[in-house]
Amino acid sequence: MLKLIRAVIGRDLRLAMRRQADVVSALFFFIIVVSLFPLGIGPETELLRKLAPGVLWVAALLATMLSLPRLFADDHHDGTLEQLALAPQPLGLVVLGKVIAHWLVSGLPLALLAPVLGIQFDLPNDALWVLTLSLLIGTPALSGIGAIGAALTLGVRGGGVLLSLLVLPLYIPVLIFGAGAVDATMTGLGPQAHLSLLGALTLGGVFFAPWATAAALRIALE
Amino acid sequence: MLNASNLECVRGERRLFSGVGFRLAGGEMLYLQGKNGSGKTSLLRMLCGLTPAADGEIYWRGEPIGRLGDDFRAELCYLGHHNAIKEELTPLENLLASARLADEALDPDAALDALEQVGLLGREDLACRYLSQGQKRRVALARLVHERRALWVLDEPYVALDTAAVELVAGLIGAHLQRGGLAVLTTHQTVAVSAGAVRELQLS
């Protein structure tokens with residue numbers, strides 16, 4: 001079981017390394033969108049500090065969305081998905097491997113970049129840490145929930161827009177608790193409650209999403 | 001070992017075929033024939049369990065394939081229209097990755113040997129996107145060299161291949177039948193296979 005998940009992750013990471021443009025463009029999108037806000041609003045530190053958690057989290061959601069349509073589309077196009085569906089192992093485990101690989105190349109770099117970008121918003125030190133932590137905890141849920149949407153819109157014409165309409169509403173709880181954790185730190189309430197709920201969302205998302213995704217993929221393959 | 005009875009295929013509003021059935025025992029091969037669009041690929045996908053049949057049932061060793069699930073898939077090797085290879089990976093990486101994902105043991109030496117047999121030695125470290133169509137098909141077919149699963153389902157295996165490669169694939173299928181395996185394939189060119197009994201099924 002672990003062997004299969006490792007094989008999927010290994011293959012997807014190797015593919016991502018050979019196609020770095022995809023990974024890098026999503027990261028640059030994140031950097032640029034986040035950097036536009038301080039430039040547009042001007043040096044009002046009080047306002048920027050207030051906006052920071054929401055802006056960084058919304059930008060992270062959108063950057064994750066960018067790479068989602070290709071999560072299964074390439075495998076579907078070249079026939080690999082059929083082979084994965086015919087392997088004598090649960091398709092859900094394959095999906096879990098793909099979700100983890102997607103997080104490693106999209107969510108993890110976003111979280112690691114966030115503290116650097118947060119400086120532009122004059123965030124205090126502890127808020128920067130909580131921001132990074134909340135992204136680390138929350139982004140796996142984005143990859144998991146996104147996988148369901150990517151599977152449901154597989155092979156649909158104009159699937160990218162449909163995918164956003166389908167997935168972004170489901171991201172709302174993650175956004176609320178993720179941005180809320182940073183807010184709570186700055187107002188002195190402490191982020192534990194928000195981070196715990198975020199962790200629960202991620203655990204639920206990463207555990208259940210692969211099975212729903214596998215069912216959607218089997219329908220797409222018919 | 002592989003029985004199908006009274007299969008019906010409906011695509012959209014159109015019924016492609018109905019009442020299709022056959023029995024295939026070890027060491028036998030089934031040629032599916034029919035015009036373009038007659039449902040050959042659909043029937044193959046049904047046999048793999050990818051597409052559910054509108055009517056009828058498929059049995060493997062006396063049990064419906066839907067109930068066998070992973071036990072059936074562990075004995076199945078499917079080669080579809082698409083080559084299922086990644087353009088960014090080299091032939092060697094492709095072969096090893098697909099074996100690992102299909103839960104088959106394949107060591108790098110065996111994989112290199114398979115690539116040598118399909119005539120890709122010297123190309124094993126070149127990304128597949130630089131290969132020609134026929135060479136990509138050879139990469140996909142290299143899977144068959146060390147494939148010991150009982151049922152091979154091959155969709156147009158000879159497409160894009162030159163005569164030498166067609167001979168080679170026919171040889172692989174022959175050896176597979178000699179080991180007691182089963183094969184179901186669609187093709188528009190009839191190629192003599194060295195061993196095993198050949199049945200034909202015409203879809204109309």
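Predicted model: local features only at pLDDT ≥ 70, side-chain atom pairs only at ≥ 80, totals over all residues.

Biologist: Leaving aside its neighbours within four places in sequence, which residues is A:Ala111 in contact with?

Modeller: A:Ala111 sits in helix α6 of chain A, residues 91-118. Contact here asks for C-beta atoms within 7 Å. Beyond the neighbours within four places in sequence, A:Ala111 has as its contacts A:Thr132, A:Leu135, A:Leu136 and A:Thr139.

Biologist: Is A:Ala111 buried or exposed?

Modeller: A residue is called buried if 20 or more other C-beta atoms lie within 10 Å of its own. Around A:Ala111 there are 20 other C-beta atoms within 10 Å, so A:Ala111 counts as buried.

Biologist: Which part of chain B supplies the largest share of the side that touches chain A?

Modeller: In this pairing, 24 residues of chain B are in contact with 21 residues of chain A. On the chain B side, α3 (70-73), β6 (76-79) and α4 (91-101) each supply at least two residues. The largest share, four residues, comes from α4(B).

Biologist: And how many residues of that side of chain B are nonpolar?

Modeller: Sorting the chain B side that touches chain A by class gives six charged residues and six polar ones. The nonpolar residues there number 12.

Biologist: How many residues does domain 1 of chain B bring to the contact with domain 2 of chain B?

Modeller: Chain B is divided into domain 1 (1-75 + 151-161 + 179-204) and domain 2 (83-148). Their centres, taken over C-alpha atoms, are 25 Å apart. Domain 2 of chain B gives four residues to the contact, and domain 1 of chain B also gives four.

Definitions and conventions
Residues numbered from 1 in each chain as written. Chains lettered and ligands numbered in written order. Buried ≥ 20, exposed ≤ 12 C-beta atoms within 10 Å, placed from the backbone. Contact = placed C-beta atoms within 7 Å. Nonpolar A, V, L, I, M, F, W, Y, C, P; charged D, E, K, R; others polar. Domains from an automatic or database assignment.
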